[in-house]
Amino acid sequence: MAPAQKKTTGKRPGKQQLKGKGKGIKKLGKKNQIKLFIDCTHPVEDGIMNCADFEKYLQERIKIGGKTSNFGKEFTMERQKTKIAFTSDIPFSKRYLKYLTKKYLKKNNLRDWLRVVASAKDSYELRYFQINNDESDN
C-alpha cells in the first residue's frame, strides 16, 4: 500500500492570517447599509447623562480601518434628540458600539446604575438596573 499523501493548499504551514487585518475595507454598497441606533432617552430625561457629550466621546473613540476619527463617506453618525444613529457602508460591529458605550458609562461612573440592552436587532438602549427592595416589617 502506498502512504497517504497530504494535500497542500498553497498556504505555508504554521502561518495564520491575523483576524481583522485583511487586505483593506470592503464596501457593502447602498442596499447593504448597516444602520444602528443607541437610545439614551431614560438617563437624558433624568439629567444624569448628556447625549451631546456621549456623541463627542464616540466620535473621538470609534476606529475605522484601525484609525480613530476616520469616518469619511462610508460612516456617518448623527444625533436625533436622545438617540444616536449610525449609518455605515462598510462592515461595522454592533458589539463594538456596546463596548464603547460601556466604557463611556464606566468613565462617568454611571455603570452602577445603567446597563446597555439590545432593544431590537439594530439598536441598543440604556436602561436602569431593576433593583427590588422588598422590605417587610414583621
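Glu125 is buried, at 12% relative accessible area. Keep in mind that this is a predicted model. The side chain of Glu125 meets that of Arg127 in a salt bridge, 3.4 Å from N to O. Arg127 is partly exposed, at 32%. So one partner counts as buried, and the other as partly exposed.

Where does this sit? Strand 7 covers residues 123-128. Strand 7 pairs with strand 1 in the parallel sense, over 3 bridges. Within that pairing, Ile38 stands opposite Tyr124.

Strand 1 has another neighbour. Strand 1, residues 34-39, pairs with strand 5, residues 83-88, in the antiparallel sense. That pairing runs over 6 bridges. Asp39 has Lys83 as its bridge partner there.

Back to charges. How many salt bridges does the structure hold? There are 4. One of them joins Glu55 and Arg79, with the closest N and O atoms 2.8 Å apart. Glu55 is buried, because its relative accessibility is 13%, under the 20% cut-off. Arg79 is partly exposed, at 39%.

Now helix 2 itself. Lys56 and Glu60 form a salt bridge at 4.0 Å, N to O. They are 4 residues apart in the helix, so about one helical turn separates them. Glu60 is partly exposed, at 39%. Lys56 and Glu60 also belong to a salt-bridge network with Arg61.

Last stop, strand 6. Ala120 is found there, partly exposed at 37%. Its C-alpha is 9.4 Å from that of Phe37, 83 residues away along the chain.

How values were computed:
Residues are numbered from 1 along each chain as its sequence is written. This is a predicted model: local features need pLDDT of at least 70, side-chain atom pairs count only at pLDDT 80 or more; totals for chains, interfaces and linings use all residues. Side-chain values use heavy atoms; hydrogens and water are left out. Helices (H or I, at least four residues) and strands (E, at least two) are DSSP runs, numbered from the N terminus. Buried means under 20% relative accessible area, exposed over 50%, partly exposed in between (1.4 Å probe, protein chains only). Two strands pair if DSSP finds at least two bridges between them.
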